[in-house]
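Visitor: Please walk me through the helix packing and the charged pairs here. Keep it brisk.

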Amino acid sequence: MMSEWADWATKLASMLLGFATVLGVVAAVMRREFGQAVARLITGMVALVVLSNFGSLRDWFEGALGGGHPSKPAADSPAKGDDGPSLWLPLALVAGGAALSFGGYGLWARIQRRRARKAAQRTAAAAAQERRRAIEAEHDEVLDAYAAYLCDVLAVLDRPALDDVTVPQTAALLHALDAAADAHRGDDPGAYRQAVSALKTAWRAADEHARKTGARDLPAQERSAIAKARRLFEKALDERGSQHERQAAHAKARALLDGVLTLPRQAVAAVEHHTRPALSKDATA
């Protein structure tokens with residue numbers, strides 16, 4: 001009777017030890033303490049082997065104390081373990097739990113790596129987009145400055161070289177404008193960065209050259225005509241003047257520049273935009 005109770009207790013202890021080993025391995029794996037997980041697995045399996053042989057050890061001690069032959073159990077003694085496995089079930093439990101733990105961690109780690117990779121891709125995409133916005137801002141800065149020049153007839157008269165394609169600096173600027181526009185439509189941020197940098201350099205060179213030279217490279221007669229036309233355009237743009245004064249000043253300025261300097265269409269449109277509303281208002285008053 002006592003032997004049966006001992007066998008039952010041994011099996012129960014084996015099951016509990018198997019569960020404890022599995023839980024310990026799982027906990028160590030979740031903490032990424034793989035060395036400790038392996039150590040717990042080996043310790044638990046060794047303990048299970050010892051427990052599984054507890055019955056044999058007990059019989060050996062009983063035989064030794066009774067004066068019999070401890071190494072040779074009686075032939076008519078019942079075989080141990082006939083009522084079910086005492087070792088394989090706990091060992092299978094431990095091995096299965098360990099396999100599930102490491103496999104589950106591997107799956108979890110793979111999912112985490114995929115998430116990290118996607119997060120890194122999103123971060124890289126956001127950074128690339130931010131860099132492109134910065135490049136576009138620099139591009140727009142040059143475009144706005146050049147557009148402001150083209151729309152200002154007085155600036156054109158002060159810096160005629162900036163609208164003269166025969167000037168090397170101006171020709172380089174126009175080429176840089178086209179190159180930056182092409183790069184903006186492309187998908188290569190490096191090429192766009194280089195194109196905008198080249199455009200900024202070309203703009204500074206052309207603008208500084210135009211400011212420095214002014215109209216001095218033109219013949220004296222043309223310089224005189226440009227100076228007179230500038231004063232007339234100032235009068236035409238002055239909204240305090242009357243309809244006839246502004247209209248006459250505008251017409252004289254265009255006549256003076258005929259054959260001397262071709263104004264950009266943007267500058268002509270800007271002058272007309274400022275003069276026509278005033279003329280219409282005076283005419284209907």
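**Helix packing and salt bridges**

Guide: Helix α8 and helix α9 (residues 243–257) pack at an angle of about 155°, with their axes 8 Å apart. Helices are DSSP runs (H or I, at least four residues), numbered from the N terminus. Axes are lines fitted to C-alpha atoms over the stretch in contact, and angles run from 0 to 180 degrees between N-to-C directions. This is a predicted model: local features need pLDDT of at least 70, side-chain atom pairs count only at pLDDT 80 or more, and totals for chains, interfaces and linings use all residues. Residues are numbered from 1 along each chain as its sequence is written, and side-chain values use heavy atoms, leaving out hydrogens and water.

Visitor: Are α8 and α9 roughly parallel or roughly antiparallel to each other?

Guide: The angle is about 155°. Angles over 145 degrees count as roughly antiparallel, under 35 as roughly parallel, 65 to 115 as roughly perpendicular and the rest as oblique. So α8 and α9 are roughly antiparallel.

Visitor: How many nonpolar residues does the contact of α8 with α9 have?

Guide: Contact means heavy atoms within 4.5 Å. On the α8 side, the residues include I226, L232 and F233; on the α9 side, they include A249, A253 and L257. Ala, Val, Leu, Ile, Met, Phe, Trp, Tyr, Cys and Pro count as nonpolar, Asp, Glu, Lys and Arg as charged, and the others, Gly among them, as polar. By class there are six charged, one polar and 11 nonpolar residues.

Visitor: Is D207 buried or exposed?

Guide: D207 forms a salt bridge with R159, at 2.4 Å between the closest N and O atoms. Buried means under 20% relative accessible area, exposed over 50%, partly exposed in between (1.4 Å probe, protein chains only). R159 has 11% and is buried. At 10%, D207 is buried.

Notes. Salt bridge = Lys/Arg side-chain N within 4 Å of Asp/Glu carboxyl O. Helix = DSSP H or I, 4+ residues; strand = E, 2+ residues; numbered from the N terminus.
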